[in-house]
Amino acid sequence: MDVGIVNAKEMLSVDEVEPELRKVAEDLIFNRSPDATEAMLEMTKKEKEAIEARKKGGGPAKVNKKSWRDLEPKKRLEHALVNGISEYVDADVEAARQECSKPLEVIEGPLMDGMNVVGDLFGSGKMFLPQVIKSARVMKKAVAYLLPFMEEEKRLNIIAKGLDPEDFKEDDDSNYAGKVLMATVKGDVHDIGKNIVAVVLGCNNFKVYDIGVMCSCEMILEKAKEYGVDVIGLSGLITPSLDEMVVVAKELSKGGFKQPLLIGGATTSKMHTAVKLAPNYFTLDHPVIHVLDASRSVTVVSSLLGEAKSDYVEDIQEEYEEMREDYYAGLEDRYFLTFEQAKQQRKVIDFDKRPPAPTPNKLGISVIDGVSIEDVVPYIDWTWELRGRYPNRGYPKIFNDKSVGEEAKKLFDDAQRMMKEIIANGTMNLKGVVGLFPANRSDDGEDVDVFETEAAREAGSASAKFCMLRQQAEKESDDPYLSQADFIAPKGYNDYIGFFAVSCFGCDDLVKKYEGENDDFSKIMAQALADRFVEAFAEYLHREIRIDLWGYAKGESLNEADLLKIKYDGIRPAPGYPSQPDHTEKATMWNVVKVKEHAGIELSESLSMMPAASVSALVFAHPESEYFAVGQIGKDQVESYAKRKDMDLEKCERWLSPILNYERD
C-alpha cells in the first residue's frame, strides 16, 4: 500500500494505541518479523470475537493467557534465570526443594539447567554479558536460600557419624561446589572479563579467590597452594600475556600441581591453548582448557569437578590434538617470502604525485585535558555488546531484532542511565597527549626516523627510531607486502608522523564503590562504559588532529557514523595490534611524547597501559596509508628487526612469539 485515506477525526495518537496492538502493527509495517502478518491476523480475529461479544450484550471475549508462573517449579526457575527475575526465587526454590531428596539437587538440577540455557543463549548472540550478570544474581539468591538447608543437612550428617558439629571450623567451605583461583597474569591490568567470570562462578556456589591483576607466576602458585583451590584460571588481554601463560603452565608442571588450568581473555584462543599451552601441562588429571566466555565458565568448572570429568577431558584432549596436527600441517603448507624478497615487493607510493601531508599547525607535544565525557558521547560506538545479526546488525538496528531487540534496548537504557550519572557527578574524566613530529623513512626502508624539530631533520639528528614489521606470507595476488614504514616519505621530503595516548580516569574508584555495595552489574557496566568513553575520546581526538592540530583535512565534514566507518584519510594503528604487533614500540612512543609525565598513563612491565581504559596510536596522514595485518614472519626478519632495535634476539622472539612462523629454541 502506497497511500491510505483515513478519517482524521477518528485517529488515535501513537501513544494512545494499546502496546500489544502497537507492537503487532509496527512489526507488520516495518517488516520486523517474518510472522508479522500471522500475528496481525490473529489479533484481528480476537478483535472480531470481542466485537461480536459486545453486540450480544456481553463483555469482551475472554482470552486465556498462559503465564510462566503456571509452569512446574523447575521450569519456573529456568525462566527466572534466563530473564533475570528474582521476585519469586525463594518460593520457587522452596517448591523445587520439596521435589528433591536434598538441597544440592536443586543446584545441580534445575538451577544448573537454567544457567546452561543462559550459556547457550549467550553463545548464539541472544543474550549480552551484562544480562548474564543479572542471571547470575538470580542464581546467587537461589543458592543463598538453600545454604541454611545445606548447613543443617551437613550438621545432621556429622551427628549421625557420632561427632560434635561444634568441633568444626566456622570457615569450613565444604558447602561450596568448588574453589577457584582467578588471576590476570604478570604485566597485564585488564580484568573486566575475569570479573564477570568471578561473579558468575560465585553466584553458582563456587568459592572464588580473585587475586587481582599483574600477578606474577610465583604469586599464582603460592596462592593456589595457600587456598587449596580445585581450579586455576588465568586471564590476559595483551599479546605478551600469552607468553606469560606458557611460563605459568610450565611452572605448574614443574611444581607438581594437579589443578585444571583455565585460560581466558581477549587475546587468547582455543588454538593458542591447544598448540602452546596444552603440551606444557595438559593431562587427563589436570587439563588446560580455553573458556570462550563467562557464560561457559560454570559448565566447564562443573564438568571438571563432576563425576563425568574423565569423558569431558578426553573429548577436549582429542580435539586439541587434532587442532595441533592441523596447525603444524598448515605451517608446512604455508609459503613465505624471504625478508629480502618481501622488501623488494614493498608498497611504493609516488610522493611527487601524491605529496606528504602539509606541516602540522602545531608541531611538538600538546596536552589534551579540556575534553569532557559529554563532548565524546556522539563518537561512542554502541556496537560494543549490541552487534546483532543481519538484517538487524549493529546499533541501533539491533533494537528491531525479534530475538534480542528487547533485551538489547534494556541493556542500552541501563548504560544510558549510568552514563548520565557519571556525567552529572563527574566521577570519570578524560586526559590525553598528542605529539606531531618531522619524520622520514629510514635508508633501508624498514623503519621511521623521528626528529624533534625541522632543524634536527636538516642536521640528520633523529631523536627516535620506530621499527616496523613487514608482511612475509606469500600472497596469491600482486598486492604489495606492507609495512607501516611504506606510508612515510624517504629523506628529501618533508613528512610527519603523529602519536597520541588517551585515558579515562576515575573508573577504578567507581568500581570500588560498587564492589563495596556488592553491585556486580554496575561494576561491570562502569568498566565497560570507561572503555567506550576512551575509545570515543580516541576517535574525537583523531578528528581534532586531522582538522586542527595537524590540519591536513581542514575541509573534512564527516558525521560521527562515517567516522566510525573510517571514511577519512589516514590511519591510527596501535602498537601491539595487527599492523605493528610489537608492544615494545609503545615504550619508544612513551619516551618521545612523555606520555606518563603529560597524561599520567603508565606502562606495566609487559607494556600494558594503566589505567586499563587507555588507547594509544601512531597517526599516519597519507591517503594511501591503510590498515593491514603483518601476519606471521620468518626468522630472517626477526633477526633483522632485533638488530635494528638493538635488542637481544631471544628477548625479541619472546615479544613476537604470537606471529613467528617457526618454533623458538
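Is Met-214 buried, exposed or partly exposed? Here are some notes to read alongside this predicted model.

1. Let's start with that residue. Met-214 is partly exposed, and its relative accessible area is 35%. You will find Met-214 in the loop that runs between strand 2 (206-210) and helix 8 (217-227). Look at its backbone too: phi is positive there, about 50 degrees, although Met-214 is not a glycine.

2. Asp-646 is another residue to check. Its phi is also positive, about 55 degrees, and Asp-646 is not a glycine. Asp-646 sits in the loop between helix 22 (635-645) and helix 23 (649-655). With a relative accessibility of 72%, Asp-646 counts as exposed.

3. Next, find Pro-611 in the loop between strand 12 (609-610) and strand 13 (614-619). The peptide bond leading from Met-610 to Pro-611 is cis, and its omega is near 5 degrees.

4. Now for a pair of helices. The axes of helix 9 (residues 240-254) and helix 10 (residues 270-281) come within 7 Å and cross at roughly 25 degrees. Angles under 35 degrees count as roughly parallel, so helix 9 is roughly parallel to helix 10. Their crossing is right-handed. Residues making the contact include Leu-242, Met-245 and Val-246 of helix 9, and His-272 and Lys-276 of helix 10. By type, the contact residues divide into seven nonpolar, three polar and two charged.

5. Finally, step back to the whole chain. Its secondary structure comes to 23 helices and 13 strands. Of its 665 residues, 49% are buried. The chain exposes about 32900 Å², and carbon and sulfur atoms supply 48% of that area.

Technical notes:
Residues numbered from 1 in each chain as written. Predicted model: local features only at pLDDT ≥ 70, side-chain atom pairs only at ≥ 80, totals over all residues. Heavy atoms only, no water. Axes fitted to C-alpha atoms, helices over the stretch in contact; angles between N-to-C directions. Helix = DSSP H or I, 4+ residues; strand = E, 2+ residues; numbered from the N terminus. Parallel < 35°, antiparallel > 145°, perpendicular 65-115°, else oblique. Left-handed = near helix turned anticlockwise from the far one by under 90°. Contact = heavy atoms within 4.5 Å. Nonpolar A, V, L, I, M, F, W, Y, C, P; charged D, E, K, R; others polar. Buried < 20%, exposed > 50% of the residue type's maximum accessible area, 1.4 Å probe, protein only. Areas by Shrake-Rupley, 256 points an atom, 1.4 Å probe, with all protein chains shown as cover.
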